[in-house]
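Start with the loops, then turn to one helix.

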Amino acid sequence: MKKGIYIVIGVLCLAAAVVCAWQLGRRTYAPQAETETVSATVAPEATAAAEPETGPAETAVPEETAEPYESPIDFEELQAINGDIYAWLQIDNTNIDYPIVQHPTDNSYYMTHNSDGDYSANGAVFSELYNSTDFTDPVTVLYGHHMSSGAIFGNLQAYYSDSEFFLENPNIKVYTPDGLLEYAVFAAVPYSNSHLLYNNDFTIDSVFTSFIEEVLSIRSIEAQINEANAPEAGDKVLILSTCLARDNTYRFLVMATLVE
């Protein structure tokens, strides 16, 4: 009798153990299934979050790029005629619209030769060997005769000694094969005929500043000043120089600051 009871108890204990083992296995498996489900839902969210990062790149408007410079002056054709031509000077509302030349060895050559290299009493608009031909010097001086016909710089003084013209036409343009240089006129004055570049080292800031201050202080019936366009040390200045009317021991200078 007791043996039978022990057998029944043993069977019940075995069954209980099996049930416990099955439930434990179920509890262990369930969290794994939940973890996989969470992982499966995180991935699409991460993908969705990443999409805005690529979206703007696909729809962004490209930045504007500068148009390549195309000079309105055919320098290739001009230099085929005369290799000394390196730029072109133009002033709106004037007859000043000329090539700029520089002789490789003779500073006075273009006083008696035109921009084609032919003999001419008019000469040409030219610079001297004191200047480079890239307009990077602190002061670049362009020379031209004061011709009674009005050619070259013959009308320069008449234009810029007029206060109305001076104020309404401040822009001087210099075209080069590589770009356009624009200058703003700050002074038009009579000045001594001393050689500007020979007598002044404008690479020294104090010399440059002193010269500009001297020019701005000139008081004459022909002088016109616009201090708003005046340069500071480090700026680039263009000077157009010609003989002063009725007194060729002086020069008439039109002076401008590089603005672009």
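Is asparagine 93 buried or exposed? Asparagine 93 counts as exposed, because its relative accessibility is 61% (buried is under 20% relative accessible area, exposed over 50%, partly exposed in between, with a 1.4 Å probe and protein chains only). This is a predicted model, in which local features need pLDDT of at least 70, side-chain atom pairs count only at pLDDT 80 or more, and totals for chains, interfaces and linings use all residues. Residues are numbered from 1 along each chain as its sequence is written, and side-chain values use heavy atoms, with hydrogens and water left out.

Asparagine 93 sits in the loop between strand E1 (85-90) and strand E2 (97-101). Helices (H or I, at least four residues) and strands (E, at least two) are DSSP runs, numbered from the N terminus. The phi of asparagine 93 is positive, about 65°, although it is not a glycine. Most residues other than glycine have a negative phi.

Phenylalanine 135 also has a positive phi, about 60°, and is not a glycine. Its loop runs between strand E3 (125-126) and E4. Phenylalanine 135 is buried, with a relative accessible area of 4%.

Now take helix H6 (residues 205-216). H6 has 12 residues and reaches 17 Å from first C-alpha to last. That is close to the expected 16 Å (1.5 Å times one less than the number of residues). Phe208, Phe211, Ile212, Val215 and Leu216 are buried in H6. Seen down the axis, the buried residues of H6 fall within an arc of 135°, so they line one face (the arc is that of the directions from the helix axis to the C-beta atoms). The face turned away from this buried side carries the exposed residues Ser206 and Glu213.

The buried residues of H6 pack against several elements, including helix H5 (196-199), strand E4 (139-143) and strand E9 (247-258); contact means heavy atoms within 4.5 Å.
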